[in-house]
Amino acid sequence: MTYVVTDNCRGCRFTECVTVCPVECFHLDATMTYIDPENCIDCGGCAPACPVGAIEPDYRLAADKKFWIDVNRKRAAETPVISARLPPLPGADERRQALGR
Amino acid sequence: MTGPDRVASDFRVAVVGSGPSGFYVTEALFRSGATVAVDMFERLPVPFGLVRFGVAPDHPKLKQVTVTFDRIATAPRFRFVGNVAVGRDVTVDELRHSYDAVVLATGADVSRSLDIPGQSLPGSHHAGDFVAWYNGHPDCRELRFDLGHEAAVIVGHGNVALDVARILAKTADELRQTDIANHALEVLAESRIREIHVVGRGQPAQAKFSAKELRDFLDLRACDASIGEGLPPDEPDRDNPNDPELAEKLALLGAFSRHAATKPRRCHFRFGLSPLAIQGRGCVEAMSFTSESGAVQDIPCGLVFSSIGRRTSPLAGVPYDEHRGVHANIEGRVANGHSVVDGLYACGWSKRGPSGTIGTNRGCGIATAEAVIADLHTRRRPPAGDPDALLTRISNRVPHLVSYGDWAAIDAAEKRRGAALGKPREKFVMVPDMLAAIGA
């Protein structure tokens with residue numbers, strides 16, 4: 001198994017996940033973060049740390065979100081590792097509230 | 001002490017403990033922008049704390065975190081000082097005299113006691129001791145666990161309780177190819193335990209174990225999970241969109257309650273029962289609980305494992321927070337009441353208590369490292385002594401200081417021993433054997 005970043009990640013960049021990841025398996029592009037499934041050790045630390053509930057274990061994803069497994073694998077291979085938290089994007093808090101978090 | 005040549009450093013820091021929090025505070029110090037050298041002190045000749053001695057042998061993926069620790073340890077300003085117990089071989093005050101800062105990352109190694117009648121009867125154990133025993137901790141090598149009973153009770157609803165239940169529930173064949181200590185595998189292979197009760201005070205929604213750990217109980221070869229009779233779990237709350245973790249836990253427990261048991265062993269999850277007493281004449285025969293209605297319920301058993309939390313061992317020269325069971329600290333700065341102790345810090349479980357996942361200690365280490373560096377820049381307290389001179393003095397007290405290179409030799413020897421048995425490693429479980437592997 002692995003953990004997977006999904007749609008809620010887009011547009012906030014809280015990156016709390018990066019701080020708690022023990023193995024630096026988060027990657028980043030302009031849109032969102034991705035988990036490298038080859039390095040993730042399934043510790044489960046990132047899922048509760050995410051302020052917008054964007055991270056789930058792969059087996060728990062709803063059918064219409066399963067495609068994120070492939071997206072994470074592919075994008076993690078194409079993007080750089082992020083090893084420290086970044087400042088959230090403008091409007092991140094509003095986005096979090098809009099998501100009901 | 002052999003080690004890499006010293007590189008000029010602005011600050012020299014001693015980190016006490018080599019578990020996850022010790023490594024993560026070290027990483028954060030190295031990334032702080034300041035030029036910091038770290039000497040990491042470890043009581044045993046082997047590093048990694050609870051990753052080696054806590055993480056269950058059948059969770060090998062989690063142990064891959066040691067790759068990260070190895071990477072941190074390759075920094076030129078890092079030295080591992082193994083086989084040196086702070087508090088016994090060197091005092092905290094000596095460290096404070098020789099280093100710019102001392103960070104305590106000593107974990108939470110003392111199991112909390114149930115404090116009920118019968119708790120010291122033979123057959124009543126701390127879950128933490130059992131975990132350390134099957135993981136080959138030298139301190140627990142000589143412990144004896146009599147698994148010749150039909151039933152065991154595990155008190156507590158955290159992940160350690162589930163680890164103990166799962167190890168008891170698995171067959172020897174399910175454990176044989178893990179890095180479980182051989183002495184434990186031999187005892188577990190002869191286990192007669194058929195009924196495992198995992199008992200907690202709270203209701204399912206309050207249980208602290210994670211859904212992922214609970215899921216492991218779905219596919220055990222010889223054990224069915226069930227819900228203790230008379231206490232059906234809360235109806236799964238279908239309106240839990242913001243807590244998929246809780247929703248999954250409740251769904252799993254619901255599945256356990258509907259599942260027809262067919263396998264030889266059974267693991268019962270029981271809720272709403274508070275420990276009252278352990279009964280028995282000369283050894284454990286049953287454990288009594290009070291239900292929420294006040295009724296007393298006895299569970300016959302020959303073994304009790306209490307898993308109700310841990311606290312940090314106090315260290316001489318370090319103020320202790322009795323209430324929280326940690327080194328007294330204000331956000332990582334060790335403090336006596338409101339007064340901060342200069343140059344002394346805590347991180348990980350010895351700072352905030354035993355909670356979170358491995359990575360929680362990364363954020364915690366970053367926060368403590370920020371405090372260390374901020375203080376060093378603003379009110380540096382020049383150390384009276386020199387770390388290298390201190391290490392020379394320590395080497396006169398301890399015959400064999402263990403370097404990270406020495407650990408690599410132990411590691412390689414353990415992997416060789418394991419390969420012969422089809423296991424990832426066979427740990428050395430006694431300190432002299434660890435030292436022998438490095439030719440010390």
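# Briefing: predicted model of chains A and B

Chain A contains 4 helices and 4 strands, where helices (H or I, at least four residues) and strands (E, at least two) are DSSP runs numbered from the N terminus. Chain B has 16 helices and 20 strands. This is a predicted model, in which local features need pLDDT of at least 70 and side-chain atom pairs count only at pLDDT 80 or more, while totals for chains, interfaces and linings use all residues. Residues are numbered from 1 along each chain as its sequence is written, and chains are lettered from A and ligands numbered from 1 in the order in which they are written.

**Chain A**

- From the N terminus on, the order of elements in chain A is β-α-β-β-α-β-α-α.
- The C-alpha trace of chain A spans about 35 × 30 × 25 Å along its principal axes.
- Buried residues account for 45% of the 101 residues of chain A. A residue is buried if 20 or more other C-beta atoms lie within 10 Å of its own, exposed if 12 or fewer, and partly exposed in between, with C-beta atoms placed from the backbone.
- Among contacts in chain A with a separation of 6 or more, 81% are between residues 24 or more positions apart. Two residues are in contact if their C-beta atoms, placed from the backbone, lie within 7 Å.

**Chain B: overall form**

- The radius of gyration of chain B is 23 Å, close to the 22 Å that the globule rule gives for 440 residues, so chain B is as compact as a globular protein of that length.
- Taken along the principal axes, the box filled by the C-alpha atoms of chain B is roughly 65 × 50 × 45 Å.
- Of the 440 residues in chain B, 49% are buried.
- Residues 24 or more positions apart supply 75% of the contacts in chain B with a separation of 6 or more.

**Chain B: sheet and strand pairing**

- Strands β1 (residues 11–16) and β2 (residues 36–42) of chain B run parallel and are joined by 6 bridges; B:Ala14 has B:Asp39 in β2(B) as its bridge partner.
- Strand β14 (residues 303–306) of chain B is covered on both faces, with B:Leu303 and B:Phe305 buried on one side and B:Val304 and B:Ser306 buried on the other.
- β14(B) runs parallel to strand β6 (residues 124–126) of chain B, with 3 bridges between them, and B:Ser124 stands opposite B:Val304.
- β14(B) also runs parallel to strand β7 (residues 151–155) of chain B, through 4 bridges, and B:Val304 is the bridge partner of B:Val153.

- In α1(B), 10 of 11 residues are buried, including B:Phe23, B:Tyr24 and B:Val25.
- Helix α4 (residues 66–73) of chain B has B:Thr68, B:Phe69 and B:Ala73 buried. These residues cover an arc of only 140° around the axis, which puts them on the same side of α4(B); the arc is that of the directions from the helix axis to the C-beta atoms.
- The buried residues of α4(B) pack against α1 (20–30), β3 and α15 (404–419) of chain B.
- In the largest nonpolar core, which has 147 residues, B:Val13, B:Val102, B:Val103, B:Ile154, B:Val164 and B:Tyr345 touch the most other members. Such a core is a set of buried Ala, Val, Leu, Ile, Met, Phe, Trp, Tyr and Cys residues joined through C-beta atoms within 7 Å.
- B:Val164 touches residues including B:Ile154 and B:Phe305, not counting residues up to four places away in sequence.

**Interface between the chains**

- In the contact between the chains, 19 residues of chain B meet 19 residues of chain A.
- On the chain B side that touches chain A, the elements giving two or more residues are α3 (60–63), α11 (244–258) and α13 (360–378), and α13(B) gives the most, with 4 residues.
- The residues on this side of chain B comprise 6 nonpolar, 8 polar and 5 charged; Ala, Val, Leu, Ile, Met, Phe, Trp, Tyr, Cys and Pro count as nonpolar, Asp, Glu, Lys and Arg as charged, and the others, Gly among them, as polar.

How values were computed
Two strands pair if DSSP finds at least two bridges between them. The radius of gyration is taken over C-alpha atoms; the globule rule is 2.2 Å times the number of residues to the power 0.38.
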